[in-house]
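Please keep the sequence and the three-dimensional view at hand while reading.

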Amino acid sequence: MNLTELNRIATAMVAPGKGILAADESSGTIKKRFDAIGVESTESNRRDYREMLFRSREAMSQYISGVILYDETIWQDAKDGTPLVKLIEQSGAIPGIKVDEGTQALPMCPGELVTVGLDKLAERLRKYYERGARFAKWRAVIDIGSGIPSMTAIGVNAHALARYAALCQAAQIVPIVEPEVLMDGDHDIDRCYEVTTRVLNKTFQELRVQRVALEGMVLKPNMAISGKKCAKQAPVEEVAEKTIRLLKACVPAAVPGIAFLSGGQSDEEATAHLNAMHKLGPLPWGLTFSYGRALQAAPQKAWSGKAENVAAGQNAFSHRARMNGLASKGEWQS
Ligand code: 13P
């Protein structure tokens, strides 16, 4: 393992003014997104859509440091035969790959999930590296509800995240470690804070036990935020203040970067929260976005599957990328 090189890539992923495009929706998830805009989820439509994003010159060259791909996409070519991975590299961004294989019900723990995909992972990582991937992503899902999460669910998911991260580093790939505490419930921000603290502490404990080099990884956490169905929605400043307090308590300064998921926040909320956090600096790590929905909802709508809308889709994507790029420096204004 070359830790200097892993650290260089991790640092580039969270460079000021830039963040990560999460374009790694599984076939099931992208179908849901396409259904919402009335587009059939065929392999060529998925290719055309993602090619549109990766050819968005302004967004990709100025505001996007890396792109997380899904397995299908990393092997796809653009219409003119150029591998999509090459389009990303040519724009100056780093290609990455989602390597978990989704979630399964966790036995003995009703309503809880464990992320799977460790079998044969070393072999898959080798192939992805050859194809150009320099970082990977694995997402654990922790739900908040009555009596959950259990320590069992937190423990097995943290263990799997650390197993994945160690395998990545051994394959010279920077792991994005993503333990997502969902914002789907009616819990308040303080409950989210408490659960996220437990999840991050356990995750870093496992990373240490399994000898993962913190200097060669990126953390992708949720923010400390009110559940979507909570009657009392915490304002932007409270989300920013509590998220930074939580991260300072749980994330060692050796970690080069933190890149948030958007998790169902509106586009503008996701931008405003990141921006407000940068007003609380200086911070010990790079702090940016790794958004899926909050970067893609607007371009999906503008494109709506029509070739004549490609420029409009690219403009919408570039706009959101620019706003989040500004937020990653605390320079965004609503
Ligand atoms: P969202 O920003 O839509 O939550 O997606 C980010 C991601 O990669 C989730 O795993």
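Does Ala-160 count as buried, exposed or partly exposed, judged by its C-beta neighbours inside 10 Å? The model is a predicted one. In this model Ala-160 has 19 C-beta neighbours inside 10 Å and therefore counts as partly exposed, because a residue is called buried when 20 or more other C-beta atoms lie within that distance.

**Ala-160 and helix 8**

Ala-160 belongs to helix 8. When residues up to four places away in sequence are set aside, Ala-160 touches Val-114, Thr-115, Leu-118 and Ala-140. Between Ala-160 and Trp-138 there are 9.1 Å in space, C-alpha to C-alpha, and the two are 22 residues apart in sequence.

Helix 8 spans residues 151–170 and packs with helix 7, residues 121–131. The angle between the two is about 45 degrees, and their axes are 10 Å apart. Helix 7 and helix 8 are therefore oblique to each other, and their crossing is right-handed. On the side of helix 7 the contact is made by Leu-121, Ala-122 and Leu-125, and on the side of helix 8 by Tyr-164, Leu-167 and Cys-168. Six residues of this contact are nonpolar, with no polar and no charged residue.

**Helix 11 and its surroundings**

Helix 11 covers residues 267–278, twelve residues in total. From its first C-alpha to its last it reaches 18 Å, close to the 16 Å expected at 1.5 Å a residue. Helix 11 is mostly covered, with ten of its twelve residues buried. Those buried residues are Asp-267, Ala-270, Thr-271, Ala-272, His-273, Leu-274, Asn-275, Ala-276, Met-277 and His-278.

With helix 10, helix 11 packs at an angle of about 60 degrees, the axes being 8 Å apart. That angle makes helix 10 oblique to helix 11. The crossing of helix 10 and helix 11 is right-handed. Helix 10 contributes Val-236, Glu-237, Val-239, Ala-240, Thr-243 and Ile-244 to the contact, while helix 11 contributes Ala-272, His-273, Ala-276 and Met-277. In the contact of helix 10 with helix 11, seven residues are nonpolar, two are polar and one is charged.

**Backbone features in the loops**

Most residues other than glycine have a negative phi, and most peptide bonds are trans. The table lists places in this model that depart from that pattern.

| Site | Feature | Value |
|---|---|---|
| Ile-148 to Pro-149 | cis peptide bond | omega near 15 degrees |
| Gly-281 to Pro-282 | cis peptide bond | omega about 0 degrees |
| Lys-120 | positive phi | about 65 degrees |
| Gln-172 | positive phi | near 65 degrees |

Pro-149 lies in the loop between strand 6 (135–142) and helix 8. Pro-282 is placed in the loop between helix 11 and strand 10.

Lys-120 sits in the loop between strand 5 (113–115) and helix 7. Lys-120 counts as exposed because it has 9 C-beta neighbours inside 10 Å. Gln-172 is found in the loop between helix 8 and strand 7 (174–181). With 17 other C-beta atoms within 10 Å, Gln-172 is partly exposed.

**Leu-326 in helix 13**

What does Leu-326 contact, leaving aside its neighbours within four places in sequence? Leu-326, whose place is in helix 13, is in contact with Glu-331 and Trp-332. Leu-326 has 18 C-beta neighbours inside 10 Å and so counts as partly exposed. Leu-326 and Val-114 are 35 Å apart in space, C-alpha to C-alpha, and 212 residues apart in sequence. Val-114 is also among the residues that Ala-160 touches.

Notes:
Residues are numbered from 1 along each chain as its sequence is written. This is a predicted model: local features need pLDDT of at least 70, side-chain atom pairs count only at pLDDT 80 or more; totals for chains, interfaces and linings use all residues. Helices (H or I, at least four residues) and strands (E, at least two) are DSSP runs, numbered from the N terminus. The expected span of a helix is 1.5 Å times one less than its number of residues. Axes are lines fitted to C-alpha atoms, for helices over the stretch in contact, and angles run from 0 to 180 degrees between N-to-C directions. Angles under 35 degrees count as roughly parallel, over 145 as roughly antiparallel, 65 to 115 as roughly perpendicular and the rest as oblique. A crossing is left-handed if the near helix is turned anticlockwise from the far one by less than a right angle, and right-handed if clockwise. Two residues are in contact if their C-beta atoms, placed from the backbone, lie within 7 Å. Ala, Val, Leu, Ile, Met, Phe, Trp, Tyr, Cys and Pro count as nonpolar, Asp, Glu, Lys and Arg as charged, and the others, Gly among them, as polar.
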